[in-house]
Amino acid sequence: MSHTMTIHLRVWRQAGPEARGRFVAYTVRNVNSNMSFLELLDVLNEKLIHNGDDPIEFDYDCREGICGSCGTVIDGVAHGPQRRTAVCQLHMRHYNDGDTIVVEPWRATAFPVIRDLVTDRSAFDRIVEAGGYVSVDTGNAPDANTIIIPKEELENAFDFAACIGCGACVAACPNASASLFTGAKIAHLAGLPQGKPERKERVVAMVKQMQIEGFGDCSNHAECEAVCPKGISISAIAIMRREYIKAKISP
Amino acid sequence: MAQTLSAKVPPGRLQEKWDTYKNQIKLVNPANKRKHTIIVVGTGLAGGSAAATLAELGYMVKSFCIQDSARRAHSIAAQGGINAAKNYPNDGDTIWRLFYDTIKGGDYRSREANVYRLAEISNEIIDQCVAQGVPFAREYGGHLDNRSFGGAQVSRTFYARGQTGQQLLLGAYQAMSRQIAAGQISMYERREMLDLVVIDGQARGIVTRDLVTGEIERHAADAVLLCTGGYGNVYYLSTNAKNSNVTAAWRCHRRGACFANPSFTQIHPTCIPVSGDYQSKLTLMSESLRNDGRVWVPMKKGDTRAPRDIPEEERDYYLERRYPSFGNLVPRDVASRNAKYACDEGRGVGNTKLAVFLDFRDAMQRLGRARIEERYGNLFEMYERITGENPYEVPMRIYPAVHYTMGGLWVDYELMSTVPGLFVLGEANFSDHGANRLGASALMQGLADGYFVIPYTLGNYIASTPLSDVDITHDAFTQAEKDASARISKLLSVQGTKTVTEFHRDLGSIMWDNVGMSRNAECLESAIGLISSLRKEFWNNVKVPGDRTYYNKNLEFAGRMADFLELGELMARDALMRNESAGGHFREEYQTSDGEGERNDEDFAFVGAWEYRGRDSEPMLRKEDLEFENVELTTRSYK
Ligand SMILES: Cc1cc2nc3c(=O)[nH]c(=O)nc-3n(C[C@H](O)[C@H](O)[C@H](O)COP(=O)(O)OP(=O)(O)OC[C@H]3O[C@@H](n4cnc5c(N)ncnc54)[C@H](O)[C@@H]3O)c2cc1C
Ligand code: FES
């Protein structure tokens, strides 16, 4: 139930943050349709190494769509053509013999390129450091069942907690805004009783950090939701705005 | 040095040991804590929880991880759940029962006192995680929901959809983030620990490499916590994340930390089978699927009919047949071995014939598709994404894969290795799972170690140990940096003809074929020879591209590969030494007439901890005798 094909690639190569990048064309033959997209890059890299060339650098770890390490723009779409799928979970059966695929890194001022397809997303960590947590020291917790959370409320919060922090939302946004990422954390915590006491300081601090990092503003393009591998809804952004206004009106 | 190792287990009744310990330890004056720097290598559940908690207590923490963010540690991938003895479902669970199941599940090759403490702490973990905002599954009434998992006869597993590890890790990561903001934790991402620095017999720092700039750095501290996860990737293909490795632990081993039970490996029964030689990793299908899925193969060898065309009476539900009381819920090692047997008999399914069916047809009839979708929707989706097949319509194909390593650096009751000041937490240590780990207990152990054990045991060490002033200009740092740098130069200079991945695949197949689900002396001896020659070949013929001054993944992997090549040999040695079958370690020579593993408690009720004695000498076996004062050693029977 598999077939093989020839795939042409145009891959962004950039030696370092300050270096000039360019597209380089490659052809890979005998691509098995059951391969993942990253395995295609692996196979190409092995070839490059044997030829004495530098392999293409790209980030990955789990290859299961959960760690958020991977992320490249494929044919203009963050994480590629399959909806709700991180690029490590994209498989070659969605391509045809002879296809040409264009591969680029996330492009955003706040995500500088480190090398080839690898970018620096540490701005996301700093947004979380600004307030994306519940302040509870180890040992301070009451019995878990003393906090009652109706199932529906919990599930709603979970939909936002599912964010893997990959950065596709930023890469897809014409303004390179981090609103979906930030909104998801705010909506997760504001949606649960544990997160309510600090909700005001949290939203104000996280939004401020988002701006400091150089992410753009949200103007409701909804491209972020379309590419999110976890299908996080842009209602996160509406919740963030609501929380923000509430915090500003009565700090 | 003594042949035997003492775990320093506190005296007294099992149920009171941990309290006794806590009552007797020395405490660090709160105002003094900030004078102590603690290095935490790894930001998975063990390292993340330890770093956050120690920082809250006032220690100055330096945290390190390979990934670009602490949030991406391999723990993120855990799916199924985390155990605790809360007994919320009122189905008879107790701390004792969780302890007993864990020690029995480990086939009596773990230490009673540690396992009991783990069970005791389990409940606090759930409380802590819920307080952080971890969205564990709830009942309609708003209370926490539990499920039964991996062979347990009570429902004690807490879960967060199929993303339990992710949600627990984000909880720990967020707690860390708070401490980073407070200036208590300095976070070093994209760093790899390359060596441990030991001064006057104490662990006093590490040498790391900045994976972006290639620079080698020195970090001094009063203690080092190694939380670097497991080494399943020695088999090349495994369910571990691609960056999981043994380097940090192996470097510590070479500096004097004993490596315990290295051959105890868990092969997980429900993974998506290999599809081709380009395969880069294997994906686990959570074993919670075995709660509702039925495992079977055709009765006939070489049956190529579509599964739906095979009538009921021509299917062999071999787990239900062989183990009527546990059925599909037998422990992992048993389920894996039986899948292997079915395939060895020629009854495997799919193109490669290295797979068995996991079938939801009956469960869907019983519960309806909606229930199944609610329970396993995201797992089914994942399966379809990878295989292109819809498991609602055709049974899943699954096969065992390397998943977890019970072995690891030896630690005493305080989680301290044989190098004073070097503590080892989480999967990187050997401590709690014996020869086989039960489902949902690794997350529990990682968090127990980090949130609730290390804050006490580290404090005791700091308060009771004289520590001289040490900084990074010490000769030991200079030497360690020199060694690390020389190794990198050597790797780059070989410029042979075979890539790191090609070597890794070769090592993986030696390990899988000889030190895998089923082992015998002959295979193990041959593995030792094969690995040793592969290692020689590696150092003469590896081709590492590029240079050391920029991001170079292949160079990272080359260093890890070199260590895997040493570890692999030790694993084979350990498996050869252990003339018995226990848990995941199945020696063909030691089995009962009906094919179950046979333990030898007389001669092998010990932890085998190997001491490094230089490149040219064989490692020395040291033993920790396991004393069972509270449980009777029975034969695990799941019939
Ligand atoms: C797919 C899958 C599903 C699982 N599901 C479950 C489950 O449902 N329940 C359960 O209980 N267990 C489960 N497990 C097991 C469990 O997830 C792991 O055992 C556990 O998460 C390990 O945590 P850890 O903190 O010890 O290490 P890890 O999470 O592996 O973290 C290791 C850390 O160390 C860092 N590191 C490693 N080497 C170095 C180095 N040289 N220098 C610097 N940093 C380094 C890494 O960057 C990382 O931050 C699962 C495992 C897998 C693979
Ligand atoms: S590699 Fe982890 S999400 Fe893709």
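Is B:R109 buried or exposed? In this predicted model, where local features need pLDDT of at least 70, side-chain atom pairs count only at pLDDT 80 or more, and totals for chains, interfaces and linings use all residues, side-chain values use heavy atoms, with hydrogens and water left out. Residues are numbered from 1 along each chain as its sequence is written, while chains are lettered from A and ligands numbered from 1 in the order in which they are written.

B:R109 counts as buried because its relative accessibility is 0% (buried is under 20% relative accessible area, exposed over 50%, partly exposed in between, with a 1.4 Å probe and protein chains only). The residue sits in the loop between helix 4 (95-105) and helix 5 (112-132) of chain B; helices are DSSP runs of H or I with at least four residues, strands runs of E with at least two, numbered from the N terminus. The side chains of B:R109 and B:D601 are joined by a polar contact of 2.8 Å (a pair of N or O atoms within 3.5 Å; within protein, one must be able to donate a hydrogen and the other to accept it, and residues adjacent in sequence count only if both atoms are side-chain atoms).

Turning to the pockets, 49 residues line the largest one, and B:R161, B:G162, B:E374, B:R375 and B:N378 lie nearest its centre (on a 1 Å grid over the protein atoms alone, a pocket is an open set of points where a 1.4 Å probe fits, with protein on both sides within 12 Å along at least five of seven lines; lining residues have an atom within 4 Å of a point). Helix 11 of chain B gives the most to this lining, with 11 residues.
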